[in-house]
Amino acid sequence: MTQSPDTSALPQFSQLTIQGEDAEKFFQGQLTCDVTKLGLSYQAAAIGNLKGRIEFGIWIKKQAEKQYDVVISADCADALQAHLKKYGAFSKFETSAPTPIYPCVLDNVPTFSHKDDHNMTEDTQAWMQCSIATGNYWIVATTQGEFQPQELRLHQRGGMDYDKGCYLGQEVIARIYFKSAPKAFLHYVQGTGEAPSAGDKIDKIQVVNAMKNDDGFTALVVARPEQLAESDLSILDLPAALQVDVARPK
């Protein structure tokens, strides 16, 4: 008898639509990216906490004038909705209820779709594989507040803007960028054995996302280079834009 694939470890995502007179202004004071530069393609971005760590990892696009679509891990959607309600209490915008959206790969790019044709295990697995290989991390409930954006190379993916003004956690994030640099940062690795879960640690190496394959697992991890050198993990190549130094260019 053919065994059904285990879908319990597959990520699920939700979309929230935010629209209204103050939507752009509100998001500009919340997100790490410059909201005025958003278009119809999903941009990875983040909402930080006051410690400068990522509370909500999102993808956002400007669907229409004064309307933004936000994609987030489904287990963080209710918390994001509560956050928007709290911080946007005096702003003029409406937030939709979370609705399912499906991860898929289109033109070799990990993205999302509302089409039922993409609500398939193989689509999600392809998205995971492509995302891990390209540094397209996803934050889940267990990793909220764990990572600083620069550690995850978000600034190298257009998801951070250091000139747009204040947002949640901006003071800490800017201080790290302009005055220092993370000692541990995102790597793409291959390991043996069972795939770890998001947030797990392999010695001092912290797992962001992982996926089982025939040879063990591939993963995105945050680690110091010397920690990886001392581990049994093999370092694989991220895209060229994510291979450069995480520190601010001199």
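How many of the seven residues of β8 are buried? Seven of the seven are, so β8 is largely enclosed by the rest of the structure. Buried here means under 20% relative accessible area, exposed over 50%, and partly exposed in between, with a 1.4 Å probe and protein chains only. Helices (H or I, at least four residues) and strands (E, at least two) are DSSP runs, numbered from the N terminus.

This is a predicted model, in which local features need pLDDT of at least 70 and side-chain atom pairs count only at pLDDT 80 or more, while totals for chains, interfaces and linings use all residues. Residues are numbered from 1 along each chain as its sequence is written, and side-chain values use heavy atoms, with hydrogens and water left out.

**Stop 1: the sheet**

Select β8 to β12. They form an open sheet of five strands in the order β9-β10-β11-β8-β12, with antiparallel pairing. β9 (201-202) and β12 (234-236) are the edge strands; each has a single partner, so one side of each lacks a neighbour in the sheet. Two strands pair if DSSP finds at least two bridges between them.

Now keep β8 (residues 185-191) and β11 (residues 216-223), an antiparallel pair joined by seven bridges. Along this pair, Leu-186 is opposite Val-222, and Val-189 is opposite Ala-219. Val-189 has Ile-235 as its bridge partner in β12.

**Stop 2**

Select Ala-184, in the loop between α4 (170-179) and β8. Ala-184 counts as buried, at 18% relative accessibility. Leaving out residues up to four places away in sequence, Ala-184 touches Glu-151, Val-222, Ala-223 and Arg-224; contact means heavy atoms within 4.5 Å. Glu-226 is 42 residues from Ala-184 along the chain, and their C-alpha atoms are 9.5 Å apart.

**Stop 3: Gln-206 in β10**

Move to Gln-206, in strand β10 (residues 205-213). Is its side chain buried or exposed? Gln-206 is buried, with a relative accessible area of 12%. Its side chain makes a polar contact with that of Glu-146 at 2.8 Å. A polar contact is a pair of N or O atoms within 3.5 Å; within protein, one must be able to donate a hydrogen and the other to accept it, and residues adjacent in sequence count only if both atoms are side-chain atoms. Beyond its neighbours within four places in sequence, Gln-206 has contacts that include Phe-147, Asp-200 and Val-221.

**Stop 4: helix α3**

Select residues 121-134. This is helix α3, which lies across β8, β10 and β11 and runs at about 140° to β10. Axes are lines fitted to C-alpha atoms, for helices over the stretch in contact, and angles run from 0 to 180 degrees between N-to-C directions. Buried residues of α3 include Asp-123, Trp-127, Cys-130 and Ser-131. After α3 comes Gly-135, with a positive phi near 75°.

**Stop 5: the cysteines**

Stay on Cys-130, which is buried at a relative accessible area of 16%. A disulfide is a pair of cysteine sulfur atoms within 2.5 Å, and by this rule the count is zero. Cys-130 is in no disulfide, and the nearest cysteine sulfur, in Cys-104, is 10 Å away. Finish at Cys-166, which is exposed, with a relative accessible area of 63%.
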